Amino acid sequence: MDNFFTLLKSELRNQTHSFIFILMMLVSLLMALTCGYIQLADFTERQSAYQEELRVSSEKQRETMVYSQFSIPILIAPNLLSVFHKGIDESTGNKVDISPVKLTDFQTTTQRRNPFLSIFSDMDVSGIVKILSLFTLILAAGLISGERENNVYRLLFANSVKKTEYYLSKYCATGVSVLLSLIVLFLSIALLIVINPMIQITGIFWIKVLFVFLVSFLYLSVFIFFGLLLSVRSYNAGSSILWGVLLWITISFIYPNLVSTLINKPMDTESRNMNREIKRIEDNSFNEFTSLPLKLEPFDGMFHMPIIDRFDSNVEEQRLLTRLNRQDFTSIYAFIGMSEKYILENDLARWESLFPIYFKYQQDIRSQRDMLHQKQLKQQNLNHRFTCFLPDILYEQSVSSLSNTDIAYRDQYIQDELRLFRYQVFDYLNSKKAFSEKFYTQFPKEQWKDNWDDYLEDERDNYSKKDNYPKISYDDAPVFLLKQKSRFPFGFLFVIGMNLLLFFVGLVSFQNIKNDI
Amino acid sequence: MIKYIFLKELQSALLNKRLLFSCLVLTILMFVGGLVSEQQYISLNNEYEELLLENSSQFDEIQEFRLFDLVSMEQNIGKAPSDLSFISQNNKALPNGIRIDYFRASIPQKYDSYNNYFRNFVALDWTNIIIYLVSFVCLCFAYDAFSGERQSGTLKLILSGPVSRWKILMGKLLSLWCVLLMPVVLGIMLSLSYFQFSPGIMLSMTDYAKIILFVLFAILIVGINILIFFSISLLTSNSSVSSIMCLLVWIVFVFVLPNVNWLIANNLSPVPGIEEQNRKEESLLKNVNQATWSSAWENNPPTGDVYKWKEVCDQRERIHKNVWNGYVNLIFQQSDMSISLSKISPFMVFKWINDRIADTNYYGYRNFYTQALSYQNSLRAFIHDKDAGDPESYHLFWNSTEPYGKCETFISKKILQSDEIPHFNYQSISLKVIVSDGVNEIILLLVWFILLFIGTFFAFYRYDAR
């Protein structure tokens, strides 16, 4: 093993003095500083928008007067690990209102990006590591073939150097160079995170970063092995480097993009069909509701009841219910004050007949949307099936599952949790008897009177003025706690397997070549 | 003599199996790009036609279509997919539509849905094939054009003959240029002849002219490409060093610069979020006088109260317009800035000019946006025209954000014929506009070419062949 360390030392000296190594360090440092700075600036902006949103929604919550307004806003905090891999962290949205009138679909509130900038690709840390992989390949591909070209190789094996030692020393030296540039990259990002006063970090964060670092190294190590393998098969440094870049461009650029180009089909037909289906469901539910044998008092438009609040039907959030309540129904929804007994009872009868229809309607809409999601996911899964063996995709997969920015976490896991939580909220609402007259008024049933003049001055003051109207308390309402899920990145194992395989293939093919060439 | 060297170099290139193989692969990729984009175009076109149908059915749904219905109707208009998208494919995440009515135009948005889950990718259209792949093949065969010959000693041999250096340079340049353009031209010819027989894409004469323009730019960018690598090859004496240098320049120009520069624009001219903009509008609206509408005013000649109400509504409208027009301007400003910053790389200049030719991506949308706004103006002119012709009308238009207090009874109540209403019709960009708008890019490409040519010539003139 004496030879190994001598070889390693000399190889390390050679590599650290080489032009490409210095360049790699420079590129990783500069890109880490610029991209890291900008990604972190973006993160802090998202965070302040998140806090602002938190404040606004809690203020809104405090004004809840009846149970139809009941809503627990849930905001997904921006994820600091998205600096390492953005994934679908931002594009899916980050706000959900858990309420009886809304489904658990995400809305984007902290969206800050100019939509036209999607023509450029987003540079996160994993993107920088991917560019480093090209440098790694260039660095490794010229090693053995270069020495063969200038006859150092023949000189070496005239001494008692074993091929395994030689091969391992080459790998280790390149590994150290790559490790150094990775350390520069990650340290500069870490430094930027630490000196930023806006960012608070929890303990598990650094452990995850360490894992990302490890995965990045293993990913780059695959390219070292690729480079060495090509270097073994070639007699000339220039040609082996070009073959290396050709390999890189094929597996990292042409193949995955070609597959995506072929598979990508506009999903609009599906979404249009879904919208049409939703419209049909709405019509059906509305017809079902209006055809109920209810004895409804005709609404004459002559209200002597004070209007204390009018729901803004323009607001997107109210869309679901207001679309269903197209015609005469808006009147029930709009007034939540006090009124004469017959009007309030009339409203109650309408609501009670509406609830079952409405919840069924929600379920139908839910299943329609899920169907579209499934179709969209199917497309991506098909894409994934054809590319899952590529180191790039495996790397992306591992880093995004470590950073919790992948589809499985960001969409499916959170969605499932939210749906479970919505059931909890419904249980809570049921325990509060929310799906009764309390849905549209807080004016107690036993105090309803036939004539407007029968009401006391106090009652009128309390129930007909917005400021005096009793507010619903959220004190005992269920609280949503999103458990941070840490998953083992299984792509990681495949990357290790790929490393081992390439190591053995490279070594065997190196053992088989003749020394004297 | 140029001809002789050209033919000799061409012959040696054509005998090079690797070069032929890469040309074959490129040709196939170009052809596949054409086929895929045809399929995409068909399905996108179906979508667009459905959107048009939806819009026209909006007019038909109302039986007695009055002027007020047109004033209050919100139209969802979209950009027609470009039939030249095989040149440069439209990024699916980009907006492609807008909602307009008499009063307002929405911010840029999508009229169709977008698959969030699908991974971001670089579509293999003709532009991207040239930017990423032809340039790489060019690198492989140009990096040792001079340093390699110098190393092997053949350069000394050639220079010892009576041939001038100028002729050697031209011979080498022209032969490589021809070989690299072969797959591009072949792929285009194959795709075009395929389009002739398939019903998916019908190309007009203007389209052919645009494709010719594309080919001209492709010739220029391939020339620039070769000259970049030639000049690097001339600056180094060793083929290994020149290969690494070429790779570096290639990585920087193709991958690093285009993807990093927009981050600078993102910081220099930031765009506020939509939510922030909403809050800004809300806070401004608080300062506007509050007014309440009385239904008793309807169907009567306008009184002072009605004018007051109109003033309040108009004030709100002005605030809305200021806030959101400013937002859209900021978006465009930022995008323009990021695009200009990316023009440091000649490959990106090539991409932007092709976006103009294909009428896709950002420039396609800008073209659509101006057309949509001018359609809104023509719609307004039509409404004013109709209203002015009605003696019973009070000519009072305002936009009430509340569900009550509309201007319905203060404008003309005549019934409109659905065929006289102007419809939005998307016109794809004309050749003249492409050239006049893209003159910066054309000049940039030409400057790159000329500078590199002169630089390469001088470098070769001073090149030490020993």
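Visitor: Why is B:His395 called partly exposed?

Guide: In this predicted model, B:His395 has a relative accessibility of 42%. Buried means under 20% relative accessible area, exposed means over 50%, and partly exposed is in between (1.4 Å probe, protein chains only). B:His395, at 42%, therefore counts as partly exposed.

Visitor: Where does B:His395 sit, and what is its phi?

Guide: B:His395 is in the loop between α13 and α14 (431-437) of chain B. Its phi is positive, about 55°, although B:His395 is not a glycine.

Visitor: And B:Asn299: what makes it buried or exposed?

Guide: Its relative accessible area is 58%, so B:Asn299 is exposed. B:Asn299 also has a positive phi, about 65°, without being a glycine. Look for B:Asn299 in the loop between α10 (274-286) and α11 (304-342) of chain B.

Visitor: How do you know whether B:Gly364 is buried or exposed?

Guide: With a relative accessible area of 0%, B:Gly364 is buried. B:Gly364 belongs to helix α13 (residues 361-388) of chain B. Leaving out residues up to four places away in sequence, B:Gly364 touches B:Lys79, B:Asp359 and B:Tyr426; contact means heavy atoms within 4.5 Å. B:Asn96 is 268 residues from B:Gly364 in sequence, but the C-alpha to C-alpha distance is 8.8 Å.

Visitor: What about A:Thr387: buried or exposed?

Guide: A:Thr387 has 2% relative accessibility, so it counts as buried. A:Thr387 lies in helix α12 (residues 341-387) of chain A. Not counting residues up to four places away in sequence, its contacts are A:Tyr255, A:Pro256, A:Val259 and A:Ile393.

Visitor: Why is α4(B) said to be largely enclosed?

Guide: Because 16 of the 17 residues of α4(B) are buried, the rest of the structure largely encloses it. Helix α4 (residues 126-142) of chain B also has a kink of about 30°, centred on B:Leu133. The bend at a residue is the angle between axes fitted to the seven residues ending there and the seven starting there.

Visitor: Over in chain A, what makes up the nonpolar surface patch?

Guide: A:Ile204, A:Ile207, A:Phe211, A:Leu214, A:Phe488, A:Phe490 and A:Leu493 make a patch of about 660 Å². Patch residues have over 30% relative accessible area and no salt bridge; like charges are joined within 9 Å, and nonpolar side chains (Val, Leu, Ile, Met, Phe, Trp, Tyr) within 5 Å. A salt bridge is a side-chain nitrogen of Lys or Arg within 4 Å of a carboxyl oxygen of Asp or Glu. Helix α7(A) gives the largest share, 4 residues. A:Phe211, in helix α7 of chain A, has 31% relative accessibility, so it counts as partly exposed.

Visitor: How confident is the predictor in chain B?

Guide: Chain B has a mean pLDDT of 86, and 99% of its residues reach 70 or more. pLDDT is the predictor's confidence in each residue, from 0 to 100.

Visitor: What ground rules are used for the numbering and the values?

Guide: Residues are numbered from 1 along each chain as its sequence is written, while chains are lettered from A and ligands numbered from 1 in the order in which they are written. In this predicted model, local features need pLDDT of at least 70, side-chain atom pairs count only at pLDDT 80 or more, and totals for chains, interfaces and linings use all residues; side-chain values use heavy atoms, with hydrogens and water left out.

Notes: Accessible areas come from the Shrake-Rupley method with a 1.4 Å probe; for residues, only the protein chains shown count as cover. Helices (H or I, at least four residues) and strands (E, at least two) are DSSP runs, numbered from the N terminus.
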